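Grab a pencil and work through these exercises with the model open beside you. Each task comes with a worked solution.

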Amino acid sequence: MSQSRRLVKGGRIDRDKPLSFVFNGKTYQGYEGDTLASALIANDVRVVARSFKYHRPRGVFSAGSDEPNAIVQLEEGAATQPDTLATCIELYDNLSATSQNCWPSVEFDINEINSVFMRLMPAGFYYKTFMWPAKLWMWYEGIIRKAAGMGLAPKHPDPDRYEAIHTHCDVLVVGGGPAGLAAALAAGRTGARVILADAQCEPGGDLLAETDELEIAGEAASNWVSKTLAELRDMPEVRILERTTITGYYDYNWLTALQKVTDHMGPDKGGNLPRQRFIKIRARQVVLATGAIERPLVFAENDRPGVMMASAVRTYINRYGVLPGRSMVVFTNNDTAYQTAIDAVRLGAQVTVVDARPAPQGDVVTRAEALGIQIMDRSVITNLHGRMGVKCVTVQHLGEDGTTLLGKPIPFSCDLVAMSGGWNPTVHLFSQSGGKLRWDDDKTMFVPLAGPAINPSRSVGCCNGTMDLPGCLAEGLAAGSKAAKDAGFGTGRAPKAIKATARPEAPLRPLWEVSCHGHKSRFHDFQNDSKVSDLELASLEGMVSVEHTKRYTATGMGTDQGKTSNVNALAIMARIQGREIPAVGTTTFRPPYTPVSFGAITGQDRRELFEQVRTTAMQPWHVANGAVFEDVGDWKRPRYFPQGSEDMHAAVLRECKATRDSVGIVDASTLGKIDIQGPDAAKFLEMIYTNAWAKLGVGRCRYGVMLSEHGMIFDDGVTTRLSDNHYHMTTTTGGAARVMGWLEEWLQTEWPEMEVYCTSVTEQWSVASISGPKARDLLAGLTDIDLDPEAFPFMAVREGSFAGVPARIFRISFTGEVAYEINVPTCYGLHMWETLMEHGKAHDICVYGTETLHVLRAEKGFIIVGQDTDGTCTPMDVGMDWIVSKKKADFIGKRSFTRSDTAREGRKQLVGLFTDDPSFVLPEGAHIVDTATPKPPLRALGHVTSSYMSPNVTGPDGVNGDKGRSIAMALLQDGRNRMGDTLYVALMDGRVKTVTVTDPVFFDKEGERTHG
Amino acid sequence: MVDTKVDFKTHRTSPLDGAVWPVGPITLSEKKFLGKINIRGNADDAAFLAAAKKALGVALPLAANTVSMRKGKKAVTVFWLGPDEWLVHSADGSQISLLKALQTAFKGLHTAVTDVSDYFVVIELHGSTVHDLLARGCPLDLHPRTFKPGDCAQSYFAKASILLHRVDDDHYTIQVRWTFAQYLWDYLVQSADMMAA
Amino acid sequence: MLLIQCPFCGERDLTEFSHGGEAHITRPANPDKISDEEWGDYIFFRTNPKGIQYERWIHSHGCRRWFNAVRDTVSDEFLGFYKSGEQPPKIKRRKVLRK
C-alpha cells in the first residue's frame, strides 16, 4: 500500500488512476503509466529475481529492454509468459507476476548454495563435470535445466490471437527519441510515406526522462515532443507505431516488427484485437535512431540489488516519480551520470559521486558541486556489501595505470549505486543489415562505419555516436530529408535547425574492469552470470576467438543477447589477450533484437488456417455419406466409405469386390488437368513423353510417362487429342502443379519458338470415374453419347450431354474394368455425382475411395508415381519398356538411358510379391532380404512399395475369397531375373515373412475386361 | 434415359454458396458463377489484337497489371495476366457465346482460348479498410500511389495465389482457385474479425 | 527478404518467385551425338560462383514467366534483370559496402 519510494509529485504517471497488482503473492499499488519495475521500486521491492546459474539475488537494473536481471514470469495458467522484463511490462490493474529461477521463494532460494560454491563452478563447469559417463548426460541435463533454466513455458494452448501483416513505406524511422522524431518530421513534411516505430507506449525516448530545464525550440523538451507528435499525427502519410520494436533487419530493407497491441491491458481485455501483431515492413529507406545503451561498470559485487544504471535511476526519478534510493553513490567515468546525481539531490537524496577521472571539470560537474554533492575524483568502488540490497561500498583511489589501487579504502553507507561506464550505440539493427562497425577511440565506442548497398539506411543520433542533443536533432533532420529524397520526395535539404540546450561533455576515462582485493565476483554479463574470472579462464583454456569465448562463458547469450555485456566483455578480452579492442572483433548481432513470441510470427496461420484444405465439388456428398478422409497433398480425399460397423479392411474388400462385380464409382476430380493448344502441340508432347504422339487420332486417348532429363519417371497420365491442335492432359493429383510448371519451363526457356499454349484446368472439371461390368449400363441412361463399343471404343473421348449438363467423357481405366471418366464443369460436379449415385442404385453401384482405388490398380500392376517409383526409376525399371519409343530421335530423358548407371544390369526393378501367408499384409517400406535369419550387417535387396489385401486375386496357393489375398509390389534388385524366387521381408518387430517373387500384374493379365 | 436437354443454370453449386459476410466496415461476398475465359496470344501481332477487340468489344490491356472494361449489356473486364495472357470476366452464362466468338475471331492465328469459369472463384470486398485487411495476407503495396483503381495484380494471400483487382477506392475483387476459396474466405473473415475491435 | 524486379510486373517480394538455378544452360541439340561426360555436364554440373551469377527466376505467384537475373552471391545484390532469351547485360561487380 505504502509506495514508500514514490515521490510526492512528478513523473508521467497518472496518480488519479491507482492500480493494484500482485508480485510473488503479495498485493501492491502502482499507477497507470508505471512499468512493473517502477511500481516494484516504488514499493521498495529490492529482490526481484534470482540469477541464472548461481541464484544470486537480483534487483531492477535498467529501465528498458536491456534489462538482464528483473526477469519475471507474467500471469498464470494459459496466459502465462516466461522471461518477461519487469522494465518493459506496462502496469495494468490486477497484474500478477512471480520471480523466476528460485525455490521456495525469491528471498530464500535453496539453490543459492551454488553461489557459495561459485568458485567451483567456473565457465565450462557443466561441460567438464558431467562428461562421464556419457549415458548419464540426459539425467544430468534434467537436473541442470531444472536448477538453471529460465521461466516456465505455458502448459496450455495459447488463448490469445495474433496477426501478421505486411506494410510498406518510403522512410522507416526506427526509434522515437529526439533524433528519430526530427527525422520523421523532416521526412514527413516532404509527403513521403513515413513509419515511425517506437518501442515504448509513447515516443520521446530519453526526453521522457528529462526535467523541464532541457529545452528544445525554446520550450521544455516534453512540450516539443507533444507538439512534434501532433504535427506528425496530422500528416496523412505518416504512421506512428507505438509499442512496436523493430526486431529484425533483412535484405533489401525488409524489417520485422513486433507490436504489443493489448499486452498493456492485461489478459482478456483487448476484445477482438490480437494480443500482438507481427509487422513485415518493406521500406525504401531506413533511418536508424535506436539510441544508446548505458554501459555498466565491472566492479566487485556489482550485481547486488540496488546497483543500477545511472540513466535508469534518472528515468525512474523523472519519468515514473520514484526515487530508487535515498542515499546514493553515483559511480562513473563520464559526465552523463552527474545529471542523475543532480536530479536525485534536488529531490532530497544524499548523493556522493565516485568519478574515476582525475579532477573532472565542466558545466555539469560545476552544477553538481554547487548543489553540495561530494565528488571523489580518481576513485573507484572496490567492494560492495549487502547480499539482498546494497548497504555499503568501499571506495579507493585509482592509479594512473587504471589498475593500481592507492590509498586507504573508504567505506560509504548507501542504499543505491548508480553506475555509468559510458555508452554503447545501439548498433544491433545496423549490424543485422550487414553494416560494418568502427571502433572510435575518442568516443570509446563502436559506431556504424558503412552499410551494404542493398540496405540503404542512415544511423542518426546516439546510435551513430552523436551523444549531444543539438547534434541528434540536426542529424535526424538531415537524414530524414535525405532519406525522403532518395525515396523520391522533397529536395533533400534539411528544414531549419531546431535549437536545443547543449550540454557539453568532457571525455570519459575508459574503465573496463575495476580492480578489487582478493577473489570478488565482478560480473560483466548479469543475465548469464558471467564474470571477469570466467573470461580469464576461457583464455587460459585456449579460447581466443570472441565466438568461442562467448559460447564457453555464455557471455552475450540469453534473452538480452548481451545488450549490456558485449562491449565490456570485448574490452576485458582485449586486456587479457594484450590486444586492442577492435582487434578482438565483435560478435555477430542476429535477429530478433528482443524476443518475439512464436504466436506472433505464426499470426493467423493456425488451426484451420494453418494450411489450405482443398476439396472437390462432391465434398458435401462425401461428408454426408460417412467418408473417411485422407490427406493427398493439399487435398482431402475420401479414403473409404464404411457401412455400419465396418473397419477399413472390411470396407475396402467390399468396395473392391463390388467394383469388379457390378460398378464402382470414385471421385477423380483431384487429377491434374492441363489444356494444351497450338500447332506444335504434338511435337511438344513428343518431347515431353517417352512414347509416340504424332499419329494419335482426334478423339483418342493415350497413356504417357514423363521423365526428367536423368531418365527417371516423374509423372504419368492420360492425354487426349480433342482436335487437331488441342489436347487435354491429365497428371497425378500430387504432380499437377509440378507438371504445369515443367511444361511452361520448357516452352518458355528452351523452346520459345514452339507454338504451344498450356492452361491449367484442374478445377474447371469435376470427374467421376465409374468402372465395372455394369458401368456402361449405368451411363447409358444418362447421356446422349453413343456408348456402343464400336462407336466409343476404349481410349477414346466423346463430348455430349450428361444428365442435362455439358460433359466430356473419356473411356479410360485405372481399374482394368470397362470404365468411363465423366468430366463436367465443376459447378455441375455435385449434380453429376448425385445423379450417378441415384441411378446407380439399380446397378448395385458402390462408391469407393483412394484405398480401393489403390488396390484395384495394384491388382492390375499399374504403378503410382511417387509410391512405386521414387525418382530413381526408369520406365524399364518398372517393366514399362513398351512405353518407350524406339523410333523417336529425342525426348526428355532419353539420352540418360545409355549412361552407364542407367544401362547396367541388376538395377532395382518392379516385381510382384505373394506372401506365403495369404492373410498377412506386408508393411509398405519393409526391406527385402535373402535370408530367413537376418543379422546385421545386412544388405537390403529392395523394399515393398505397395501392399494390400485383395478380394479379387487368386494366389499361387489358390487362395482367394471373402477374406482376400495379400498382394504386394516391390522394387527389387535384379527383380525380373528373380521371378519365382523365395525371399524374405524383415519387419521392424523382428519377424521375418517369406515371399515369392512374381509378375506385378495380378489380375486379368490379358486385359480382356477393359475392352469388354 | 433422363432428360438430356442442356440447362446451363440449374444443378449448379459454388464453393461459397453465394455467401455474404459483413465484418465491421467491410463486406465480403462471393461473386457467383461469373464467366471466365483465359486467352493466350501474341501481343505483337496486330491481327490478334484486332480480333480480340472485335470479339470482346474492348481492347486487350497491354500494360502490365491493368484491366480494360466494357460497360453495358455485354460488359466484360479483361485482366492482363502476362505478356501473352489475359483473363476475361463476363456475365454468368455469356462465356459460352463469348468463347465461340473468340475462337471464330482467332481462326488462323496461334492462340488459345479456354473456359476457366469454374477454375476460379471471385470474392468481392467492399469497405473503407479493405486495403488493411488485404495486408493481413498479401505482400503487395496497396497504397493508392502504387495500386490505383483499375489496377490488377497477381500475387498471393496467405497460401493462396490470387488475382487482385482494385475496382474503386474501397472496392476490390480477389480471384482464387475454386479449391482455395473456402480457405481464403475463412482467412479473410478471421482477419477482418481481429480488425473489428 | 530479397526484392526482385520481374521484367513484366515490376518489384515484388522474393516470396512471389521461385529460383531456377544457373541461367544460359542450353539443352544439347543432339543428345545422342555427345559423350556421357558432355551429357553429365549438362544435367549435373553448375558453376556455383562466389560473386556474379546469372540465374533464372520464375514469377510463380505473379505472371508465371521465367526471366533472368544477375546477382552477386556474396552481397545478395541484384545487378540486373532481363527477359528469358535476351542477352545478359555486362556487369561489373560493385563494392559491397557503401557509406
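**Exercise 1.** Find how far apart the C-alpha centres of domain 1 and domain 5 of chain A lie.

*Solution.* The two C-alpha centres are 64 Å apart. To locate them, take domain 1 as 14-129 and domain 5 as 905-1011 of chain A; these bounds come from an automatic or database domain assignment. Numbering starts from 1 along each chain as its sequence is written, and chains are lettered from A, ligands numbered from 1, in the order in which they are written. Keep in mind that this is a predicted model: local features need pLDDT of at least 70, side-chain atom pairs count only at pLDDT 80 or more, and totals for chains, interfaces and linings use all residues.

**Exercise 2.** Work out how helices H12 (residues 532-540) and H14 (residues 566-577) of chain A cross.

*Solution.* Step one: helices here are DSSP runs (H or I, at least four residues), numbered from the N terminus. Step two: the axes, lines fitted to C-alpha atoms over the stretch in contact, come within 10 Å and cross at roughly 45°. Angles run from 0 to 180 degrees between N-to-C directions. Step three: that angle makes H12(A) oblique to H14(A), since under 35 degrees counts as roughly parallel, over 145 as roughly antiparallel, 65 to 115 as roughly perpendicular and the rest as oblique.

**Exercise 3.** Which residues of H12(A) and H14(A) make the contact?

*Solution.* H12(A) brings A:Val532, A:Leu535, A:Glu536 and A:Ser539. H14(A) answers with A:Ala569, A:Ile572, A:Met573, A:Ile576 and A:Gln577. Contact requires C-beta atoms, placed from the backbone, within 7 Å.

**Exercise 4.** How many residues does each chain give to the contact between chain A and chain B?

*Solution.* Chain A gives 46 residues and chain B 44. On the chain A side, E8(A) gives the most, with five residues.

Conventions: Helix = DSSP H or I, 4+ residues; strand = E, 2+ residues; numbered from the N terminus. Contact = placed C-beta atoms within 7 Å.
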